[in-house]
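This report is written for a reader meeting the structure for the first time. It begins with one residue and its contacts, and then turns to the wider chain.

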Amino acid sequence: MGTECSRRGSLALSLNIVAFTCALSAVTTSFWCEGTRKVVKPFCTGPVTTRQSYCIRFNSSNINDSRLVQYIWESGEEKFLMRKFHTGIFFSCEQAADMNGFNCRDFKDIAPDHEKGVLWLCITAECLYLILLFTGGVLMWLELCPCLSIMNKLKLNAFAAMFTALSGLLGMVAHMMFTTAFQLAVAMGPEDWRPKTWDYSWSYILAWGSFATCMASAVTALNRYTKTIVEFKYKRRNIEKKLRIKQRLLEMDLQEQMWDMYLTAVPASREGNAGPLDLPVNGHNPSTGAAYVVGLDSMTEPQGEAYC
(Lines give C-alpha, C1' and ligand atoms only; values in the text may rest on other atoms or scores of the structure.)
Protein backbone atom coordinates (compact mmCIF):
# COMPACT_ATOMS: atom_id res chain seq x y z
CA MET A 1 0.00 0.00 0.00
CA GLY A 2 2.80 2.44 0.89
CA THR A 3 4.67 1.88 -2.38
CA GLU A 4 1.50 2.28 -4.45
CA CYS A 5 0.55 5.48 -2.63
CA SER A 6 4.05 6.84 -3.18
CA ARG A 7 3.79 6.10 -6.90
CA ARG A 8 0.41 7.82 -7.12
CA GLY A 9 1.73 10.85 -5.26
CA SER A 10 4.76 11.08 -7.55
CA LEU A 11 2.52 10.78 -10.61
CA ALA A 12 0.20 13.56 -9.39
CA LEU A 13 3.19 15.81 -8.65
CA SER A 14 4.74 15.12 -12.07
CA LEU A 15 1.48 16.00 -13.83
CA ASN A 16 1.23 19.17 -11.77
CA ILE A 17 4.76 20.23 -12.76
CA VAL A 18 4.03 19.58 -16.44
CA ALA A 19 0.78 21.57 -16.21
CA PHE A 20 2.47 24.51 -14.49
CA THR A 21 5.31 24.57 -17.03
CA CYS A 22 2.91 24.53 -19.99
CA ALA A 23 0.69 27.21 -18.44
CA LEU A 24 3.63 29.50 -17.67
CA SER A 25 5.01 29.07 -21.19
CA ALA A 26 1.60 29.80 -22.73
CA VAL A 27 0.94 32.93 -20.66
CA THR A 28 4.37 34.48 -21.22
CA THR A 29 4.38 33.95 -25.01
CA SER A 30 2.40 35.74 -27.71
CA PHE A 31 1.52 32.87 -30.02
CA TRP A 32 -2.05 32.17 -28.94
CA CYS A 33 -3.33 33.27 -32.35
CA GLU A 34 -1.51 34.01 -35.57
CA GLY A 35 -2.48 35.01 -39.08
CA THR A 36 -1.99 37.61 -41.80
CA ARG A 37 -3.08 41.18 -42.40
CA LYS A 38 -3.69 42.71 -45.81
CA VAL A 39 -2.10 46.16 -45.93
CA VAL A 40 -1.18 48.59 -48.71
CA LYS A 41 2.50 48.64 -49.55
CA PRO A 42 4.25 51.82 -48.46
CA PHE A 43 6.20 53.92 -50.93
CA CYS A 44 9.86 53.16 -51.15
CA THR A 45 12.09 55.83 -49.64
CA GLY A 46 15.55 56.74 -50.80
CA PRO A 47 17.27 55.72 -53.99
CA VAL A 48 15.82 52.40 -55.06
CA THR A 49 17.11 50.93 -58.30
CA THR A 50 15.50 47.50 -58.15
CA ARG A 51 11.96 46.46 -57.66
CA GLN A 52 11.09 45.69 -54.00
CA SER A 53 8.41 43.29 -52.82
CA TYR A 54 7.56 45.21 -49.67
CA CYS A 55 7.22 48.75 -51.05
CA ILE A 56 6.02 50.60 -54.15
CA ARG A 57 8.78 52.03 -56.33
CA PHE A 58 8.30 54.93 -58.75
CA ASN A 59 9.87 54.89 -62.15
CA SER A 60 12.13 57.77 -61.10
CA SER A 61 13.85 58.36 -57.85
CA ASN A 62 13.43 62.14 -58.20
CA ILE A 63 9.84 62.36 -57.02
CA ASN A 64 10.13 66.11 -56.37
CA ASP A 65 10.64 66.95 -60.05
CA SER A 66 7.21 67.96 -61.32
CA ARG A 67 8.34 67.81 -64.95
CA LEU A 68 8.69 64.04 -64.79
CA VAL A 69 5.78 61.71 -65.13
CA GLN A 70 5.71 59.37 -62.14
CA TYR A 71 4.16 55.97 -62.41
CA ILE A 72 4.34 52.66 -60.61
CA TRP A 73 4.69 49.12 -61.80
CA GLU A 74 2.41 47.48 -59.23
CA SER A 75 -1.24 46.97 -60.05
CA GLY A 76 -4.15 45.12 -58.49
CA GLU A 77 -3.17 42.79 -55.68
CA GLU A 78 0.49 43.66 -56.17
CA LYS A 79 -0.12 46.91 -54.32
CA PHE A 80 -1.02 44.98 -51.18
CA LEU A 81 1.18 43.18 -48.72
CA MET A 82 0.33 40.20 -46.48
CA ARG A 83 1.97 40.79 -43.13
CA LYS A 84 2.15 38.05 -40.53
CA PHE A 85 1.14 38.68 -36.95
CA HIS A 86 0.84 36.73 -33.71
CA THR A 87 -1.06 37.66 -30.57
CA GLY A 88 -0.95 36.63 -26.93
CA ILE A 89 -2.64 37.71 -23.72
CA PHE A 90 -0.30 40.66 -23.19
CA PHE A 91 1.21 41.52 -26.59
CA SER A 92 0.36 41.54 -30.28
CA CYS A 93 3.27 41.53 -32.73
CA GLU A 94 3.22 42.30 -36.47
CA GLN A 95 5.88 42.16 -39.16
CA ALA A 96 7.74 45.38 -39.77
CA ALA A 97 7.33 47.39 -42.96
CA ASP A 98 10.52 45.97 -44.46
CA MET A 99 9.41 42.42 -43.52
CA ASN A 100 12.39 42.07 -41.16
CA GLY A 101 11.50 41.49 -37.51
CA PHE A 102 8.28 42.23 -35.62
CA ASN A 103 6.84 45.32 -34.00
CA CYS A 104 4.86 44.60 -30.81
CA ARG A 105 2.27 46.57 -28.86
CA ASP A 106 -0.01 45.90 -25.90
CA PHE A 107 -3.03 43.81 -26.67
CA LYS A 108 -5.14 45.92 -24.29
CA ASP A 109 -4.62 48.85 -26.68
CA ILE A 110 -6.14 46.77 -29.49
CA ALA A 111 -9.17 45.42 -27.66
CA PRO A 112 -12.34 47.58 -27.91
CA ASP A 113 -12.79 50.00 -25.03
CA HIS A 114 -16.17 48.59 -23.96
CA GLU A 115 -14.76 45.02 -23.97
CA LYS A 116 -11.54 45.55 -22.05
CA GLY A 117 -13.19 44.21 -18.92
CA VAL A 118 -13.26 40.74 -20.49
CA LEU A 119 -9.52 40.98 -21.16
CA TRP A 120 -8.77 42.05 -17.58
CA LEU A 121 -10.86 39.18 -16.23
CA CYS A 122 -8.90 36.84 -18.48
CA ILE A 123 -5.58 38.15 -17.15
CA THR A 124 -6.78 37.88 -13.53
CA ALA A 125 -8.06 34.33 -14.04
CA GLU A 126 -4.78 33.28 -15.67
CA CYS A 127 -2.76 34.67 -12.74
CA LEU A 128 -5.00 32.89 -10.22
CA TYR A 129 -4.68 29.73 -12.29
CA LEU A 130 -0.90 29.82 -12.01
CA ILE A 131 -0.96 30.67 -8.27
CA LEU A 132 -3.39 27.88 -7.33
CA LEU A 133 -1.61 25.37 -9.54
CA PHE A 134 1.71 26.21 -7.91
CA THR A 135 0.12 25.95 -4.44
CA GLY A 136 -1.26 22.50 -5.26
CA GLY A 137 2.17 21.38 -6.44
CA VAL A 138 3.81 22.57 -3.21
CA LEU A 139 1.23 20.68 -1.13
CA MET A 140 1.82 17.52 -3.20
CA TRP A 141 5.56 17.88 -2.65
CA LEU A 142 5.08 18.28 1.12
CA GLU A 143 2.83 15.22 1.13
CA LEU A 144 5.71 13.04 -0.09
CA CYS A 145 7.79 14.03 2.96
CA PRO A 146 8.36 10.84 5.04
CA CYS A 147 8.42 12.74 8.34
CA LEU A 148 4.67 13.44 8.29
CA SER A 149 2.01 11.19 9.77
CA ILE A 150 -0.63 9.44 7.69
CA MET A 151 -3.42 11.78 8.80
CA ASN A 152 -1.36 14.88 7.96
CA LYS A 153 -0.58 13.40 4.55
CA LEU A 154 -4.27 12.78 3.93
CA LYS A 155 -5.09 16.38 4.83
CA LEU A 156 -2.38 17.69 2.50
CA ASN A 157 -3.60 15.38 -0.25
CA ALA A 158 -7.17 16.64 0.09
CA PHE A 159 -6.12 20.30 -0.03
CA ALA A 160 -3.77 19.64 -2.97
CA ALA A 161 -6.55 17.99 -4.96
CA MET A 162 -8.92 20.86 -4.13
CA PHE A 163 -6.45 23.61 -5.13
CA THR A 164 -5.47 21.80 -8.33
CA ALA A 165 -9.07 21.19 -9.41
CA LEU A 166 -10.01 24.81 -8.66
CA SER A 167 -7.03 26.07 -10.65
CA GLY A 168 -8.08 23.91 -13.60
CA LEU A 169 -11.57 25.43 -13.59
CA LEU A 170 -10.12 28.96 -13.46
CA GLY A 171 -7.75 28.10 -16.31
CA MET A 172 -10.62 26.89 -18.46
CA VAL A 173 -12.57 30.10 -17.81
CA ALA A 174 -9.48 32.22 -18.58
CA HIS A 175 -8.83 30.46 -21.91
CA MET A 176 -12.43 30.91 -22.97
CA MET A 177 -12.33 34.60 -21.99
CA PHE A 178 -9.25 35.19 -24.13
CA THR A 179 -10.97 33.55 -27.08
CA THR A 180 -13.91 35.90 -26.60
CA ALA A 181 -11.67 38.97 -26.23
CA PHE A 182 -9.68 38.12 -29.36
CA GLN A 183 -12.78 37.53 -31.49
CA LEU A 184 -14.21 40.85 -30.31
CA ALA A 185 -10.94 42.55 -31.25
CA VAL A 186 -11.08 40.97 -34.72
CA ALA A 187 -14.64 42.18 -35.25
CA MET A 188 -14.48 45.62 -33.60
CA GLY A 189 -10.78 46.40 -33.22
CA PRO A 190 -8.86 49.19 -34.94
CA GLU A 191 -8.73 49.17 -38.74
CA ASP A 192 -4.95 49.09 -38.82
CA TRP A 193 -4.92 45.78 -36.92
CA ARG A 194 -7.86 43.67 -38.10
CA PRO A 195 -6.51 40.46 -39.62
CA LYS A 196 -7.56 38.97 -42.93
CA THR A 197 -6.95 35.36 -41.86
CA TRP A 198 -6.13 33.94 -38.44
CA ASP A 199 -6.04 30.68 -36.52
CA TYR A 200 -5.00 29.39 -33.11
CA SER A 201 -1.31 28.72 -32.57
CA TRP A 202 0.93 26.59 -30.37
CA SER A 203 0.58 28.73 -27.21
CA TYR A 204 -3.17 28.18 -27.31
CA ILE A 205 -2.58 24.43 -27.62
CA LEU A 206 -0.14 24.59 -24.69
CA ALA A 207 -2.74 26.39 -22.58
CA TRP A 208 -5.41 23.75 -23.13
CA GLY A 209 -2.85 20.98 -22.73
CA SER A 210 -1.95 22.52 -19.36
CA PHE A 211 -5.63 22.49 -18.40
CA ALA A 212 -5.98 18.79 -19.33
CA THR A 213 -2.81 17.86 -17.42
CA CYS A 214 -3.93 19.91 -14.42
CA MET A 215 -7.26 18.09 -14.22
CA ALA A 216 -5.46 14.73 -14.59
CA SER A 217 -3.25 15.69 -11.64
CA ALA A 218 -6.29 16.66 -9.57
CA VAL A 219 -8.10 13.41 -10.39
CA THR A 220 -5.00 11.37 -9.51
CA ALA A 221 -4.62 13.12 -6.15
CA LEU A 222 -8.33 12.82 -5.37
CA ASN A 223 -8.32 9.14 -6.38
CA ARG A 224 -5.44 8.49 -4.02
CA TYR A 225 -7.26 10.24 -1.16
CA THR A 226 -10.50 8.34 -1.83
CA LYS A 227 -8.73 5.00 -2.10
CA THR A 228 -6.88 5.56 1.17
CA ILE A 229 -10.10 6.49 3.00
CA VAL A 230 -11.92 3.45 1.59
CA GLU A 231 -9.08 1.15 2.68
CA PHE A 232 -9.11 2.63 6.18
CA LYS A 233 -12.86 2.16 6.47
CA TYR A 234 -12.59 -1.42 5.20
CA LYS A 235 -9.88 -2.27 7.72
CA ARG A 236 -11.85 -0.59 10.48
CA ARG A 237 -14.96 -2.64 9.68
CA ASN A 238 -12.87 -5.82 9.71
CA ILE A 239 -11.32 -4.91 13.06
CA GLU A 240 -14.72 -4.09 14.57
CA LYS A 241 -16.12 -7.35 13.24
CA LYS A 242 -13.27 -9.32 14.79
CA LEU A 243 -13.72 -7.51 18.08
CA ARG A 244 -17.44 -8.31 18.13
CA ILE A 245 -16.73 -11.97 17.43
CA LYS A 246 -14.10 -12.03 20.15
CA GLN A 247 -16.50 -10.38 22.58
CA ARG A 248 -19.16 -12.99 21.89
CA LEU A 249 -16.65 -15.77 22.43
CA LEU A 250 -15.59 -14.22 25.71
CA GLU A 251 -19.23 -13.98 26.80
CA MET A 252 -19.82 -17.64 25.93
CA ASP A 253 -16.72 -18.68 27.88
CA LEU A 254 -17.89 -16.59 30.84
CA GLN A 255 -21.25 -18.36 30.88
CA GLU A 256 -19.52 -21.76 30.87
CA GLN A 257 -17.24 -20.63 33.67
CA MET A 258 -20.24 -19.49 35.74
CA TRP A 259 -21.95 -22.83 35.18
CA ASP A 260 -18.80 -24.65 36.32
CA MET A 261 -18.63 -22.37 39.34
CA TYR A 262 -22.23 -23.22 40.23
CA LEU A 263 -21.55 -26.91 39.99
CA THR A 264 -18.54 -26.63 42.26
CA ALA A 265 -20.52 -24.51 44.73
CA VAL A 266 -23.16 -27.20 45.51
CA PRO A 267 -23.23 -27.74 49.30
CA ALA A 268 -21.93 -31.03 50.54
CA SER A 269 -25.10 -31.53 52.63
CA ARG A 270 -27.03 -32.25 49.42
CA GLU A 271 -24.99 -35.28 48.52
CA GLY A 272 -27.62 -37.59 50.02
CA ASN A 273 -30.62 -35.59 48.82
CA ALA A 274 -32.42 -37.33 45.96
CA GLY A 275 -34.60 -34.33 45.11
CA PRO A 276 -33.82 -31.99 42.25
CA LEU A 277 -31.39 -29.18 42.70
CA ASP A 278 -32.68 -25.64 42.99
CA LEU A 279 -30.96 -23.85 40.10
CA PRO A 280 -30.59 -20.12 40.53
CA VAL A 281 -32.95 -17.92 38.57
CA ASN A 282 -31.56 -14.42 37.88
CA GLY A 283 -29.12 -14.85 40.74
CA HIS A 284 -31.79 -15.86 43.38
CA ASN A 285 -32.74 -19.14 45.01
CA PRO A 286 -36.22 -20.08 43.72
CA SER A 287 -37.23 -21.84 46.94
CA THR A 288 -36.29 -19.09 49.43
CA GLY A 289 -35.99 -16.03 47.20
CA ALA A 290 -32.69 -15.17 48.82
CA ALA A 291 -29.78 -14.01 46.70
CA TYR A 292 -27.57 -16.82 45.64
CA VAL A 293 -23.99 -16.21 46.78
CA VAL A 294 -21.05 -18.28 45.72
CA GLY A 295 -18.36 -18.39 48.34
CA LEU A 296 -14.71 -18.17 47.55
CA ASP A 297 -14.07 -21.43 49.41
CA SER A 298 -16.56 -23.30 47.28
CA MET A 299 -14.97 -21.90 44.09
CA THR A 300 -11.68 -23.49 45.06
CA GLU A 301 -13.15 -26.93 45.62
CA PRO A 302 -12.68 -29.49 42.85
CA GLN A 303 -15.64 -30.50 40.78
CA GLY A 304 -17.63 -32.57 43.25
CA GLU A 305 -18.88 -36.08 42.79
CA ALA A 306 -22.36 -35.05 43.96
CA TYR A 307 -23.44 -34.23 40.37
CA CYS A 308 -21.99 -37.41 38.99
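## Phe-178 and the nonpolar cores

In this predicted model, Phe-178 is in contact with Trp-32, Cys-33, Thr-87, Gly-88, Ile-89, Phe-107 and Cys-122, once its neighbours within four places in sequence are left aside. Phe-178 also belongs to the largest nonpolar core, a set of 19 residues, and it is one of those that touch the most other members, together with Trp-32, Ile-89, Phe-107, Leu-119, Phe-182 and Trp-193. Two or more residues of this core come from each of α2, α3 (150-188) and α4 (202-264), and the most come from α3, which gives five.

Another core lies apart from this one and holds eight residues, including Ala-12, Leu-139, Leu-156 and Ala-160.

## The chain as a whole

The protein chain contains five helices and five strands, and read along the sequence these follow the pattern α-β-β-β-β-α-α-β-α-α. Of the 308 residues in the protein chain, 31% are buried. When contacts between residues at least 6 apart in sequence are considered, 66% of them join residues at least 24 apart.

The accessible surface of the protein chain comes to about 19,400 Å², and 62% of it belongs to carbon and sulfur atoms.

## Annotated transmembrane regions

An unreviewed UniProt entry lists residues 12-32, 118-144, 156-182 and 202-226 under "transmembrane region". In the model, the span of residues 12-32 is 81% helix and 0% strand, with its end C-alpha atoms 27 Å apart. Residues 156-182, for their part, are 100% helix and 0% strand, and the C-alpha atoms at the ends of that span are 39 Å apart.

## A nonpolar patch on the surface

Some nonpolar residues are found on the surface, where Phe-134, Val-138, Trp-141 and Leu-142 form a patch with about 410 Å² of accessible area together. Within this group, Val-138 is found in helix α2, which covers residues 116-143. Val-138 counts as partly exposed because its relative accessible area is 34%, a value that lies between the limits of 20% for buried and 50% for exposed.

## Salt bridges

The count of salt bridges comes to five. In one of them, the side chains of Glu-94 and Arg-83 meet with an N to O distance of 3.8 Å. This pair links distant parts of the chain, with Glu-94 in strand β3 (residues 91-95) and Arg-83 in strand β2 (residues 80-87), 11 residues apart. Both Glu-94 and Arg-83 are buried, and together with Arg-37 they are linked in a network of salt bridges.

In another salt bridge, the side chains of Lys-108 and Asp-106 meet at 3.0 Å, N to O. Lys-108 counts as partly exposed because its relative accessibility is 34%, and Asp-106 is likewise partly exposed, with a relative accessible area of 26%. Glu-191 forms a salt bridge with Arg-194, in which the closest N and O atoms are 3.2 Å apart. Here Glu-191 counts as exposed, because its relative accessibility is 61%, whereas Arg-194, at 30% relative accessibility, counts as partly exposed.

Key
Residues are numbered from 1 along each chain as its sequence is written. This is a predicted model: local features need pLDDT of at least 70, side-chain atom pairs count only at pLDDT 80 or more; totals for chains, interfaces and linings use all residues. Side-chain values use heavy atoms; hydrogens and water are left out. Patches are made of residues with over 30% relative accessible area and no salt bridge: like charges are joined within 9 Å, nonpolar side chains (Val, Leu, Ile, Met, Phe, Trp, Tyr) within 5 Å. Accessible areas come from the Shrake-Rupley method with a 1.4 Å probe; for residues, only the protein chains shown count as cover. A salt bridge is a side-chain nitrogen of Lys or Arg within 4 Å of a carboxyl oxygen of Asp or Glu. Helices (H or I, at least four residues) and strands (E, at least two) are DSSP runs, numbered from the N terminus. Buried means under 20% relative accessible area, exposed over 50%, partly exposed in between (1.4 Å probe, protein chains only). UniProt positions are given in the numbering used here, feature names are shortened, and annotations may be inferred rather than shown by experiment. A nonpolar core is a set of buried Ala, Val, Leu, Ile, Met, Phe, Trp, Tyr and Cys residues joined through side-chain atoms within 4.5 Å. Contact means heavy atoms within 4.5 Å.
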